[in-house]
Amino acid sequence: MTDGIIRPFADEDYWQYGITKWIEWDMKKDGYRVLLSGPSGSGKTTLANAILCKTARNLPGCEIYLLDYKNIDFAYLDGAKRYFKYDGCTDGFMEFYNIFEERLKYPDSYDWLILYIDEYPSWLLSIPSKEQKDIMSRMARLLNLSRAKRIHIIISCQKPLGELFSVGSRESFSHKILMQAPSKETIGMIMPNFKEEIETCPTGVGYCTVNDTNLTKIRVPWSRNIEAMQSDLWKAVDR
Ligand SMILES: Nc1ncnc2c1ncn2[C@@H]1O[C@H](COP(=O)(O)OP(=O)(O)OP(=O)(O)O)[C@@H](O)[C@H]1O
Ligand SMILES: [Mg+2]
């Protein structure tokens, strides 16, 4: 399929009855701004990998920037043009950011552009504090203004602390996802309206809200076809 529709995960309530009801995201519509959180080992990177591989396959011509500070889970992309690891993440971010600023200046039709940052805080907190502020304000601008510019932004972080996102820009995320066993503190940070409903889940299961409503319990089915998916992602990261 090349219609821009991806199925990142299934509805867990149906899954419990043996029915796979996929949730669909239309990646050709607006820019998605996705915040992925959950404790270590909860399945954030696995979900991110699925979202990115499916987007690479279904959104023809898209270009994906992948910032992987930890340089473990996406090491298979090493050598691809838009894969940035460890200290290189700052260069990758600036390259992406400059394209975004150009898009703001000139109304035009563009190819879809995607930024994924794995473990955003690990990278952010590794850089000097003056630069951190600069990156955070750019991130806020990106989250605010990229939506109509054919840009998707996906950020993963264990604890989405407010101070990691300047001027309240955490509220700019359209899709918020909490995987597995979020602490009360984390629930309070991004899904405060659903404190009562959210319970501890197994790995690969969690919750999603869209514009802070529509709480859905989700399951990320384990993919059997990982190599074919990874080769699609490689192409979009190297394009
Ligand atoms: N959807 C899933 N179904 C079954 N098992 C899963 C699923 N997602 C993750 N796992 C298992 O959990 C492990 C950890 O997943 P993953 O690396 O995605 O978590 P993470 O939240 O990114 O962790 P970290 O914070 O350490 O980066 C995987 O190696 C896999 O064994
Ligand atoms: Mg991870």
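Mentor: Helix axes here are lines fitted to C-alpha atoms over the stretch in contact, and angles run from 0 to 180 degrees between N-to-C directions. Keep in mind that this is a predicted model.

Trainee: At what angle do H2 and helix H7 pack?
Mentor: H7 covers residues 226-238. The axes of H2 and H7 lie 8 Å apart. Their packing angle is about 70°.

Trainee: How is H2 oriented relative to H7, and why?
Mentor: Angles of 65 to 115 degrees count as roughly perpendicular. H2 and H7 pack at about 70°. That makes H2 roughly perpendicular to H7.

Trainee: Is the crossing of H3 and H5 left-handed or right-handed?
Mentor: H3 spans residues 89-105 and H5 spans residues 129-145. They pack at about 45°, with axes 11 Å apart, and are therefore oblique to each other. Their crossing is left-handed.

Trainee: What end-to-end reach does H2 have?
Mentor: H2 runs over residues 44-58, which is 15 residues. At 1.5 Å a residue, 21 Å is expected. From first C-alpha to last, H2 comes close to that, reaching 21 Å.

Trainee: How many of the 15 residues of H2 are buried?
Mentor: A residue needs 20 or more other C-beta atoms within 10 Å of its own to be buried. Lys44, Leu47 and Cys53 are among those in H2 that pass. H2 is mostly covered, and the buried count is twelve.

Trainee: Which residues come nearest to ligand 1?
Mentor: Around ligand 1 there are 14 residues. By class, two are nonpolar, ten polar and two charged. The nearest are Gly43, Lys44, Thr45, Thr46 and Gly204.

Technical notes: Residues are numbered from 1 along each chain as its sequence is written. Chains are lettered from A and ligands numbered from 1 in the order in which they are written. This is a predicted model: local features need pLDDT of at least 70, side-chain atom pairs count only at pLDDT 80 or more; totals for chains, interfaces and linings use all residues. Helices (H or I, at least four residues) and strands (E, at least two) are DSSP runs, numbered from the N terminus. The expected span of a helix is 1.5 Å times one less than its number of residues. A residue is near a molecule or strand if its C-beta atom, placed from the backbone, lies within 6 Å of it. Ala, Val, Leu, Ile, Met, Phe, Trp, Tyr, Cys and Pro count as nonpolar, Asp, Glu, Lys and Arg as charged, and the others, Gly among them, as polar. Angles under 35 degrees count as roughly parallel, over 145 as roughly antiparallel, 65 to 115 as roughly perpendicular and the rest as oblique. A crossing is left-handed if the near helix is turned anticlockwise from the far one by less than a right angle, and right-handed if clockwise.
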